[in-house]
Amino acid sequence: MKGDIIELPTRHDEAWRWADLRHAHDIGNTLPPANDMLPEIDQHWLDIPGLRHLTVAGHPVGDSTLNTTASPDRTLPRHPLADLAAASARSGATLHLAADEDGGTIQLLHIGTAGAAHSVTRVELSAGARLTLIETFADERRDHWLNHRMDAFLGEGAVLVRIVRVKTAHGLVSERGAVSLASNARFTQLVIASAGSALRSEAHVTLDGAHAHAVVNGILLGDGHAALDALTKVEHRVPETSSNQTFRLVAAGQSQVSIAGGISVARHAQKTDAEQSLKALVLKRTAAANLKPELEIYADDVKCAHGCTVGELDKGALFYLQSRGVPRLQAQALLTQAFVADALGVIKEEPLHSALDREARAWLEART
Amino acid sequence: MLKIENLHATVAEKPILQGLTLAVNAGEVHAIMGPNGAGKSTLAYVLAGREGYDVTEGSVSFDGDDLLALAPHERAAKGLFLGFQYPVEIPGVSNLLFLRTALNAQKKLRGQPEVSGAEFMKAIRTESEALGLSMDMLKRPVNVGFSGGEKKRNEAVQLAMLGTKLAILDETDSGLDIDALKVVAEGINRFRSPERGVLLITHYQRLLDHVRPDFVHVLAGGRIVETGGPELALRLERDGYERHAA
């Protein structure tokens, strides 16, 4: 039985033109079925030390030292799906770190079952605090909709590293990170999606203090009928802030992978240094990639470098590898791995980097 | 070792090789010379198995196997090496990763155990030192930012590392200054042995001053039209290919 009718964006809206929200339309507010069975989840954790917290269909599972209330930042601008998450979430994670506190690594695993589940992660880092947050979305081999928002505030000099892993095979994941940075704060995000289903991933970052720096990267690996869609907006609101966006999209099968990468520089935000590189690799002619850089620059003393390319694997390089003894599929995997390496390189911390690298490599070797 | 008989090949349906016959035995160095457009590079690519180079007639056997039935990587694992006229740049893949991947892929196909990291590093250190390519360069992406000479030295390092039996070197002397030419020639001479064969494709006699071939062939119009000893190269240098013009 369907729940209340909910208002969803449509493809007529430019910001949603590549988003595949069919599952959201079909599932609406249908609640997940009551089920005491715990799904198989072990394979979804990233194999690194740190606190772990599991949410199944929007419900916290097991004992956790985390504060599992949903406490969205209600001062943020309206957003159709983020507002819905705020209104419907029955649990979440609220992470407040005191000044100079090191929160280590926290993994949040969101498992979708049938039906719709909404959740909210709230991060408040006081001055000088540090946290690595890994949010993973996976499913139980059934159609579902996981709708998530992550609202973060980074105080002066605070450091947040956020990894978003999307490993769903069915349904839709819509997730939105809204992050605001005070002076000297650092935010690094990497979305790494190897999903066979639908994804809408948004990042809205506002640089509100001088020398704040944001890195917003993504690796979207589409296969089958996946529709993976990312949208970013990095707002430079004050002078002397910097940002870097690197997205690498790989389209196999009949998938569609898309990125609309936004940079906006306010009129008085002089000395902004923003870079953006969007690249897509189309492995099969049946797949598609959409790339759209969106730059709104109102200040005149700024550096905004951007590049945007779509292509296929370099046939010359492929033959060169084969002629040295590397089988075609392995050669394709190696070249594709090299292609996504730029976006992955931003995560330098070990063992996190190696763990993510292994995952990306496994996907590529299986698909190319 | 290599036996090519009546080979016909097309590129984009245009006939390029038209009845080429050639045999290379172990221990021999054969030079193939010829005017532009004669089919020299096509011969190299056909032997290595590049897509788009279609054999329409004839046969090629390599150590008794039907070479044309093998995929490019299988030909490499059998010991065939193509030295490229223009070695390809591969951003994001280091030379070390590239070579180790290639070496282990070949070993896997031959049913041999993979080479350990330590063994590999020891071997590559020796070869790169001999060929004047620093380890720093080998840590960089394949051929990216390399000069023409460095690319050819890199080819020579690969030739030495990959257990090659037959080296087909496609205009390996093009774009080299005299010093680099000597280094590459030395690489070829180090490679020469009674068990190995070399097919040197070149425009000029210059390389043959440093690598003395056993046989020199003239390739024109897609066929071998004349065969001789090293003196043939000298005559070609003096008189050109006019007498072979169709």
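1. Ala12(B) sits in the loop that joins β1 (2–11) to β2 (14–24) in chain B. The model is predicted. Ala12(B) is not a glycine, yet its phi is positive, near 50°. With a relative accessibility of 71%, Ala12(B) counts as exposed, because the cut-off is over 50%.

2. Asp63(B) also deserves a look. Its phi is positive too, about 50°, and Asp63(B) is not a glycine. The residue lies in the loop between β4 (53–62) and β5 (65–66) of chain B. Its relative accessible area is 40%, so Asp63(B) is partly exposed. For context, most residues other than glycine have a negative phi, and most peptide bonds are trans.

3. Chain A holds a cis peptide bond. The bond runs from Glu350(A) to Pro351(A), with omega near 5°. Pro351(A) belongs to the loop between α4 and α5 (352–367) of chain A.

4. Gln332(A) is part of helix α4 (residues 328–344) of chain A. Its relative accessibility is 15%, so Gln332(A) counts as buried. From Gln332(A) to Ala274(A) the separation is 58 residues in sequence and 32 Å in space, C-alpha to C-alpha.

5. The buried residues of α3(B) include Asn95(B), Phe98(B), Thr101(B) and Gln106(B). Just beyond the helix, Gly111(B) has a positive phi of about 75°.

6. How do α3(B) and helix α4 (residues 117–130) of chain B pack? The angle is about 115°, and the axes are 11 Å apart. This angle makes α3(B) roughly perpendicular to α4(B). Their crossing is right-handed. On the α3(B) side, Leu96(B), Leu99(B), Arg100(B) and Leu103(B) make the contact; on the α4(B) side, Gly117(B), Phe120(B), Met121(B) and Ile124(B) do. Six of these contact residues are nonpolar, one is polar and one is charged. Leu96(B), Leu99(B) and Leu103(B) are also among the buried residues of α3(B).

7. Helix α6 (residues 148–161) and helix α7 (residues 178–191), both of chain B, pack at about 10°, with axes 10 Å apart. That angle makes α6(B) roughly parallel to α7(B). From α6(B), the contact uses Gly149(B), Lys152(B), Arg153(B) and Leu159(B); from α7(B), Ala180(B), Val183(B), Val184(B) and Phe191(B). Five of the contact residues are nonpolar, one is polar and two are charged.

Note on methods. Residues numbered from 1 in each chain as written. Chains lettered and ligands numbered in written order. Predicted model: local features only at pLDDT ≥ 70, side-chain atom pairs only at ≥ 80, totals over all residues. Heavy atoms only, no water. Buried < 20%, exposed > 50% of the residue type's maximum accessible area, 1.4 Å probe, protein only. Helix = DSSP H or I, 4+ residues; strand = E, 2+ residues; numbered from the N terminus. Axes fitted to C-alpha atoms, helices over the stretch in contact; angles between N-to-C directions. Parallel < 35°, antiparallel > 145°, perpendicular 65-115°, else oblique. Contact = heavy atoms within 4.5 Å. Nonpolar A, V, L, I, M, F, W, Y, C, P; charged D, E, K, R; others polar. Left-handed = near helix turned anticlockwise from the far one by under 90°.
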